[in-house]
Amino acid sequence: MEEVNLSYKEVVEKIKSKQINNILFLTGAGISTSSGIPDFRSPNGLYSKLQKYKLDYPEQIFEINYFTRNQMPFYEMDKEFFSYKPHVTSAHYFMAEANRRQQLLYVFSQNVDRLELEAGLPPEKLCQVHGNYKGARCQKCGFKHDINKYKELVQNQVIYKCENCKRGPVRPNVVFFGESLDKGFAKNTYKIAAADCVFIMGTSMQVAPFNLSVEKISKNVPVIVVNRDMIYLPYKKYIHLKNDIDNNVEKLMTDLGWDFPEIERNYPSNWFTDPQKQEKTKIEESENVKFSYSSGYYNDSICYQKDDEENKEESKQNQEKEELNNLEKKLEDLDV
Ligand SMILES: [Zn+2]
């Protein structure tokens, strides 16, 4: 099948004239950046409060193996997380508006904040691939527990012990690294191939296996990436609306002739310290980038796909370790 090669203007025209009626969204944390939830890694972000736990790396807090051993850092992060009252952003509004205009097929979100629903998206149009805070359960026996009681104990920083097996800690129904995606993901992935236009918003698609979903996008549909930075798609050209997500979504809705309310923006406190981040909207067409997966990403458990810098750093550390081992071995040999 011939690969489609539409311009931004042509896609806008097709949505406007309702030739595109089955829009699918793949979204991530970037669509909630202006909602008032602090960025995880920013200086005042959620992670900054957890330094005392001396985690090996920030993402460790989301690993199920770590949580099983030590619940307190996660409970403390949740206490902080629950203290924010995040609000819907333009990106959430855009998806709900597409649904109101009967042009939305489905949304796959990596976010656990439920803002999609708050914006008016019906639950049957949404899959939260990394779970949500609607319920809680025992980590050991799976017994269901009241999320409000969980929140109450988190507030008091007391580990919630299972009322059934009396052993396991209670955890929210979010998906930790090392666990499988929400069941709704496998059940609904066929919709990706059925979409007549795909938006990838606020995600660099670095978390596996969710990032594999892009492989299902039909070759003959336009893909629009609304993300600060470019992303890698397998053998696929896309239209990139780069820099600020809210600005781009609002420009898009203006071009589509869709009315939208003025929506407050509450970026993380350090968000504008980087002058790059104040750039205006910019539209670019991507090169046809060949996507290569690192081995080991075709399993069921979610994991963070390290970028090149992190990989380089890790291989450097491994090399240093190996050199040290060799040196120790040599010294041992000398002793003999
Ligand atoms: Zn239990």
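Buried residues make up 32% of the 336 residues in the protein, which is described here from a predicted model. Ten helices and twelve strands were assigned. Of the contacts in the protein with a separation of 6 or more, 72% are accounted for by residues 24 or more positions apart.

The largest nonpolar core comprises 67 residues. Ile23, Phe25, Met95, Val198, Val223 and Ile224 are the residues with the most contacts inside this core. Helix H4, which spans residues 90-100, supplies the largest share of the core, with six residues.

Two of these core residues, Ile23 and Phe25, belong to strand E1, which covers residues 23-27. The strand is mostly covered, and five of its five residues are buried. In a regular strand the side chains alternate between the two faces of the sheet. In E1, Ile23, Phe25 and Thr27 point one way, while Leu24 and Leu26 point the other way. The residues of both sets are buried.

Strand E1 pairs with two other strands, E2 and E7. Its pairing with E2 (residues 104-109) is parallel and extends over five bridges. Strand E7 (residues 197-201) also runs parallel to E1, and five bridges join the two. Ile23 takes part in both pairings: its bridge partner in E2 is Leu104, and in E7 it stands opposite Cys197.

A separate description applies to strands E4, E5 and E6. These three strands form an open sheet in the order E5-E4-E6, and the pairing is antiparallel. The edge strands are E5 (144-145) and E6 (170-174), each of which pairs on one side only. Strand E4 covers residues 131-138, and its antiparallel pairing with E5 extends over two bridges. Within this pairing, Arg137 stands opposite Lys144 of E5. Helix H6, formed by residues 147-155, lies across E4, E5 and E6. The helix runs at about 85° to E4.

Technical notes: Residues numbered from 1 in each chain as written. Predicted model: local features only at pLDDT ≥ 70, side-chain atom pairs only at ≥ 80, totals over all residues. Buried ≥ 20, exposed ≤ 12 C-beta atoms within 10 Å, placed from the backbone. Helix = DSSP H or I, 4+ residues; strand = E, 2+ residues; numbered from the N terminus. Pairing = 2+ DSSP bridges. Contact = placed C-beta atoms within 7 Å. Axes fitted to C-alpha atoms, helices over the stretch in contact; angles between N-to-C directions. Core = buried A, V, L, I, M, F, W, Y, C linked by C-beta atoms within 7 Å.
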